[in-house]
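Here is a briefing on a protein model. It is written for reading alongside the coordinates.

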Amino acid sequence: MQRRTKMKPQSLDPFLFMESDPPNSFQVQDVPGAGKGLFVTRSFAEKDFLINYRGTISAADTSDNVYTFQVDNPVKMVVDASTRPDCLARYINDVDPFHKKNCEPRVVRKGQDWVIAFYATTCLAEGDELR
């Protein structure tokens with residue numbers, strides 16, 4: 001199962017984001033039929049900042065890597081997290097028809113850089129998988 005994700009954010013997000021991910025808040029676990037998934041180890045409220053997606057930024061997706069995240073707006077870029085084992089956000093599974101999405105990425109401008117920050121779209125309980 002590939003984890004390529006393509007998104008078109010509506011606009012720049014006014015939400016604040018954290019420089020680093022909340023400590024001890026996530027755990028990577030095996031998911032039958034999907035490889036690995038990212039689970040929360042504490043509760044989060046709706047609209048809470050969850051985690052940043054980090055990696056090597058390029059203008060086009062030229063790799064066969066499954067840990068890429070493509071953004072088309074406000075700037076076109078591809079973020080490859082395969083070189084960042086510390087990027088736990090790469091384990092967020094794509095939404096499938098049987099599971100409702102519980103987090104969403106937002107592209108945020110920080111100075112001259114762009115950051116992909118994930119926020120909760122619903123309340124999350126300990127043990128929930130991020131999708």
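**Cysteines and overall picture**

Cys87 is buried, with a relative accessible area of 0%. Buried means under 20% relative accessible area, exposed means over 50%, and partly exposed lies in between, using a 1.4 Å probe and protein chains only. This is a predicted model, so local features need pLDDT of at least 70 and side-chain atom pairs count only at pLDDT 80 or more, while totals for chains, interfaces and linings use all residues. Residues are numbered from 1 along each chain as its sequence is written, and side-chain values use heavy atoms, with hydrogens and water left out.

**Cysteines, continued**

- Cys123 counts as exposed, at 55% relative accessibility.
- A search of the whole structure finds 0 disulfides. The criterion is a pair of cysteine sulfur atoms within 2.5 Å.
- A disulfide is a covalent bond between the sulfur atoms of two cysteines.

**Fold and surface**

- The protein has 9 strands and 0 helices. Both are DSSP runs numbered from the N terminus: helices are H or I with at least four residues, strands are E with at least two.
- From the N terminus on, the order of elements is β-β-β-β-β-β-β-β-β.
- Of the 131 residues, 40% count as buried.
- Among contacts with a separation of 6 or more, 67% come from residues 24 or more positions apart. Contact means heavy atoms within 4.5 Å.
- The accessible surface comes to about 7,500 Å², and 50% of this belongs to carbon and sulfur atoms. Areas come from the Shrake-Rupley method with a 1.4 Å probe; for residues, only the protein chains shown count as cover.

**Aromatic pairs**

- A pair of aromatic rings is described by the distance of the centres and the angle of the planes.
- Rings of Phe, Tyr and Trp (its six-membered ring) pair if their centres lie within 6.5 Å; planes under 30 degrees apart count as stacked, over 60 as edge-to-face and the rest as tilted.
- The count by this rule is 5 aromatic pairs.
- One of them is Phe49 with Tyr119, an edge-to-face pair at 6.0 Å centre to centre and 75° between the planes.
- Phe49 lies in strand 4 (residues 49-53) and Tyr119 in strand 9 (residues 113-120), so this pair ties together parts that are 70 residues apart in sequence.
- Phe49 and Tyr119 are both buried.
- Phe69 and Phe118 also pair edge-to-face, at 5.9 Å centre to centre with 80° between the planes.
- This pair links distant parts of the chain, with Phe69 in strand 6 (residues 68-71) and Phe118 in strand 9, 49 residues apart.
- Phe69 is buried, as is Phe118.

**Charges over rings**

- The charged end of Arg42 sits over the ring of Phe44, 4.0 Å from its centre. The rule asks for NZ of Lys or CZ of Arg within 6 Å of the ring centre and within 35 degrees of the ring normal.
- Arg90 lies over the face of Tyr67, 4.5 Å from the ring centre.

**Hairpin and backbone**

- Strand 2 (residues 26-31) and strand 3 (residues 35-40) run antiparallel, joined by 6 bridges. Two strands pair if DSSP finds at least two bridges between them.
- Gln27 has Phe39 of strand 3 as its bridge partner.
- The hairpin of strand 2 and strand 3 has 3 residues between the strands, and Gly33 takes a positive phi near 80° there.
- Lys47 is a residue other than glycine with a positive phi, near 75°.
- Lys47 lies in the loop between strand 3 and strand 4. At 53% relative accessibility, Lys47 counts as exposed.
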